[in-house]
Amino acid sequence: MKTFIPIIILSLGLNISVFAQQKKNSVYDALAWQDSFKMAKSLARSEKKPLFIFFTGSDWCGPCKMLVSDLFQTEKFKEIADKEFVLYEADFPRNKGLINQLRKGDNFRLKLNYEINSFPAVLI
């Protein structure tokens with residue numbers, strides 16, 4: 001019985017933290033991030049909006065995660081981003097299964113072309 005109570009408390013705490021994390025990411029996920037650079041560039045031209053490129057290591061970069069939580073997840077940024085920019089996330093995750101081969105190639109070319117040497121980086 002003594003070990004049963006801490007297990008219940010721990011599982012409740014984990015469930016609450018998972019729910020809080022899902023809710024916290026909802027604004028970021030609701031932004032209209034384009035799936036391909038080609039599509040993002042085309043959309044930016046047709047809508048006459050600047051292209052906003054976010055270079056990140058989504059699964060390993062601490063400062064990238066802070067930028068997402070402190071800026072990109074705010075309602076204010078969402079309002080501005082939806083009206084003013086076409087968004088593209090150039091992700092360089094350690095878990096290679098998080099992005100497809102086409103996107104990986106696009107991201108690598110962007111990183112070389114714009115000489116991005118550290119993360120996070122934002123290019124408009």
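## A strand covered on both faces

In this predicted model, strand β3 (residues 86-91) has cover on both faces: V86, Y88 and A90 are buried on one side, and L87, E89 and D91 on the other. Buried means under 20% relative accessible area with a 1.4 Å probe, protein chains only. Strands here are DSSP runs of E with at least two residues, and helices are runs of H or I with at least four, numbered from the N terminus.

## The sheet around it

The open sheet has four strands in the order β1-β3-β2-β4, with mixed pairing. β1 (33-34) and β4 (121-123) are at the edges with a single partner strand each, so one side of each has no neighbour in the sheet. Strands count as paired if DSSP finds at least two bridges between them.

β3 runs parallel to β2, joined by six bridges, and F55 has A90 as its bridge partner in β3. β1 also pairs with β3 in the parallel sense, over two bridges; there W33 lies opposite L87.

Helix α6 (residues 101-113) packs on the sheet and touches β1, β2 and β3. Its direction makes about 95 degrees with that of β3. Contact means heavy atoms within 4.5 Å; axes are lines fitted to C-alpha atoms, for helices over the stretch in contact, and angles run from 0 to 180 degrees between N-to-C directions.

## Confidence

The chain averages a pLDDT of 83, on the predictor's confidence scale from 0 to 100 for each residue. Where pLDDT is low, the predicted coordinates should not be read in detail.

Local features need pLDDT of at least 70, and side-chain atom pairs count only at pLDDT 80 or more, while totals for chains, interfaces and linings use all residues. Residues are numbered from 1 along each chain as its sequence is written, and side-chain values use heavy atoms, leaving out hydrogens and water.

Methods. Buried < 20%, exposed > 50% of the residue type's maximum accessible area, 1.4 Å probe, protein only.
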